[in-house]
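Hi everyone, thanks for coming. Let me put the model up on the screen, and then we can walk through a few places in it together.

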Amino acid sequence: MFRRIPSSTLRLFMAVSLMPLACGASVTHAADLRHGEEVFAQECAECHSVREGKNKKGPSLSAVAGRKAASVADFVYSDAMKQSGIVWAPAALDAYVANPRKAVPGGKMKYDGLADAHDREDLIAYLGSLK
Amino acid sequence: MKTRSPSRGAVPRRVRRRSVLLLGASVALAGGMPSAHAVPSFARQTGQDCAACHVGAYGPQLTPYGMKFKIGGYTDTDGKDGKVPLSGMLVAAFTRTEMDQAEPPADHTHRNNNLTLDEASVFLAGRLSDKLGAFVQATYDGVEQRSSLDHADVRLAHTLELAGREAVLGLSVNNNPGVQDPFNTLPTWGFPYIGSAVGFTGGNAATMFNGGLEHRVLGASAYAFIDNSLYAELGTYRALSPSVQSRTGQGRGEDMGRLGGGTAYWRLAWLQDWKRQNFSAGLFGFNTDIQPDRLSGGPTNRYRDLGVDASYQFLGTREHVGTVYTSFIRERQTRNDLFAVGEADNRKGSLNEFRINASYYYKQTWGLTAGRFATRGNRDATLYGDGYANDSPDTSGTVLQADWTPWGKEDSWGAPWANLRLGLQYTMFDKFNGARRNYDGSGRDAKDNNTLFMFAWTSF
């Protein structure tokens with residue numbers, strides 16, 4: 001039986017494959033995206049899906065980059081997140097992933113934070129690739 | 001979960017005391033029946049996949065996330081209303097032993113090659129209020145053809161900050177010492193997580209903590225989980241009256257007696273969770289005095305169980321997952337009652353139980369597990385007489401299991417409404433009830449009890 005390849009994986013494959021040709025960049029960024037996907041699988045995937053409309057304990061992170069906080073339909077956010085006014089630009093994502101309780105006091109995400117700045121950078125790059 | 005010995009049948013009253021000591025926990029060494037702890041109502045309540053809480057996407061092997069869900073009183077939720085905390089479970093199996101058994105292991109079964117409906121269970125499992133949750137199982141046993149109250153664990157949990165660190169304080173009311181434990185190293189939730197009801201999964205002797213009291217007691221324990229690392233618990237138990245045991249389906253005739261007022265269960269453990277991998281290490285103890293005749297002032301049998309356990313999980317990206325679990329229990333027995341009625345030659349004795357197992361899961365779907373178990377104890381010609389060789393309770397062996405869990409992941413069919421595991425398990429004995437060969441005096445060898453167990457285990 002053949003398993004359907006998730007569209008997110010296809011997008012990642014295309015990004016990794018074509019990016020050096022398109023902009024002449026080194027493969028470093030592609031490797032970072034791969035590492036970012038691994039960081040996501042290790043740190044985030046228990047509670048978050050990258051599939052559009054798939055909410056778990058946390059909301060779907062499909063197309064999260066640039067999205068306004070607490071804007072996923074059919075997900076029950078904390079009041080603190082609703083009132084945060086955050087737009088998920090890379091800097092905001094970085095601050096939140098580094099220390100969720102500090103970035104959004106009273107939020108309900110039970111995560112201590114990702115201390116490694118390099119891991120965060122790759123993770124955010126990966127999340128940014130999810131359109 | 002019911003303990004059942006293939007050779008059990010009706011236990012003569014004369015040997016009831018000894019049966020409590022030896023048979024009461026007999027096949028619990030390997031979890032004589034499924035220790036299901038993967039109910040889709042939890043997944044529906046939290047919005048999570050089964051794989052978030054369970055290694056291999058099926059219970060009861062918990063990830064740190066699953067441990068914290070249990071410690072949190074089964075109350076975590078995705079915040080949506082209308083969740084019904086009910087689930088069901090079915091287990092069907094085929095069992096073949098190396099050699100036919102002397103007698104059918106139960107009514108309506110054959111001496112070998114048995115196809116059975118082992119369990120049909122309903123669960124009250126999930127959040128009852130903000131701080132109250134339950135895991136209560138009622139089971140129809142298709143082999144014994146009777147229904148009973150199975151595992152029950154009702155919890156009250158509260159999360160707060162202590163000195164700047166998160167702490168969960170909780171209370172568990174349950175009917176089996178160890179059922180409330182969040183780690184998969186203690187007997188109740190240890191590997192193998194499912195076992196044959198009509199084959200052999202362990203010798204006849206086991207420690208009291210290894211299922212000797214299950215479902216015939218009621219206890220309460222207070223626990224604390226601090227900074228997602230330190231776990232501490234203290235509790236006590238009382239025996240259910242024979243009439244309550246009868247009403248809950250346990251059978252009045254197998255009452256083990258009254259527990260002393262000093263009955264205590266305690267637990268200390270440390271969990272280090274790095275997300276990519278984690279380990280735990282701990283100590284536990286269970287002390288009780290049992291008065292078989294329930295007469296005040298009568299002699300008792302005293303059990304002092306002390307254990308040490310550890311586990312390691314490599315979770316990584318969850319594509320390749322590996323685990324190792326181990327535990328050792330030393331039980332010191334003071335058998336004043338057994339000695340007084342002539343069912344033991346020695347007042348003092350001990351039993352040691354050791355287990356270790358390792359598993360590998362690929363894509364949370366394909367699993368391989370290997371485990372070793374060994375029970376060793378002091379000799380006693382009367383206590384370990386009939387059915388034993390060399391006056392010894394010693395049993396050891398290996399369990400191998402391969403299983404397939406096609407559902408329980410994010411994109412699985414039926415999520416979060418159903419899950420399924422199909423498996424093949426083989427238990428091999430080096431020694432059984434004291435000897436490799438002719439342990440029962442009738443020419444039966446330990447290897448004759450080797451058991452092939454094929455199972456289909458579904459929950460919904």
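Let's start with Pro60(B), which sits in the loop between α3 and α4 of chain B. The element names come from DSSP runs, with helices being H or I over at least four residues and strands being E over at least two, numbered from the N terminus. The peptide bond leading from Gly59(B) into Pro60(B) is cis, and its omega is near 0 degrees.

Before I go further, a word on what you are seeing. This is a predicted model, so local features need pLDDT of at least 70 and side-chain atom pairs count only at pLDDT 80 or more, while totals for chains, interfaces and linings use all residues. Residues are numbered from 1 along each chain as its sequence is written, and chains are lettered from A, with ligands numbered from 1, in the order in which they are written.

Chain B has another cis bond to show you, between Ala415(B) and Pro416(B), with omega about -5 degrees. Pro416(B) is in the loop between β15 (395–404) and β16 (419–431) of chain B. As background, most peptide bonds are trans, and most residues other than glycine have a negative phi.

Now back to α4(B), residues 64–71. Is this helix covered or open? Mostly covered, with 7 of its 8 residues buried. By buried I mean 20 or more other C-beta atoms within 10 Å of the residue's own; 12 or fewer is exposed, in between is partly exposed, and the C-beta atoms are placed from the backbone. Among the buried ones are Tyr65(B), Met67(B), Phe69(B) and also Lys70(B). What do they pack against? The partners include α3 (50–53), β4 (146–162), β9 and β10 of chain B. Contact here means C-beta atoms, placed from the backbone, within 7 Å. After the helix comes Gly73(B), with a positive phi near 85 degrees.

Two of those partners, β9(B) and β10(B), run antiparallel and are joined by 10 bridges. Strands pair if DSSP finds at least two bridges between them. In this pairing, Arg267(B) is opposite Phe284(B). On β9(B) there is also an antiparallel pairing with β7(B), residues 230–239, through 6 bridges, where Ala232(B) faces Leu268(B).

The β9–β10 hairpin of chain B has 3 residues between its strands. One residue in that loop is Lys275(B), whose phi is positive, about 70 degrees, although it is not a glycine. Lys275(B) is partly exposed, with 17 other C-beta atoms within 10 Å.

Gln364(B) is a further non-glycine with a positive phi, near 55 degrees. You'll find Gln364(B) in the loop between β13 (348–362) and β14 (366–377) of chain B, and it counts as buried, with 23 C-beta neighbours inside 10 Å.

Over to chain A: 6 helices and 0 strands. Of its 131 residues, 30% count as buried. How confident is the predictor here? On pLDDT, the per-residue confidence from 0 to 100, chain A has a mean of 82, and 76% of its residues reach 70 or more. Residues 12–28 of chain A fall below 50, and that stretch has 13 contacts in the model beyond near neighbours in sequence.

Lastly, where the chains meet, chain B gives 14 residues and chain A gives 11. The chain B side divides into 2 nonpolar, 6 polar and 6 charged. Here nonpolar covers Ala, Val, Leu, Ile, Met, Phe, Trp, Tyr, Cys and Pro, charged covers Asp, Glu, Lys and Arg, and the others, Gly among them, are polar. Thanks, and over to you!

Methods: Two residues are in contact if their C-beta atoms, placed from the backbone, lie within 7 Å. pLDDT is the predictor's confidence in each residue, from 0 to 100.
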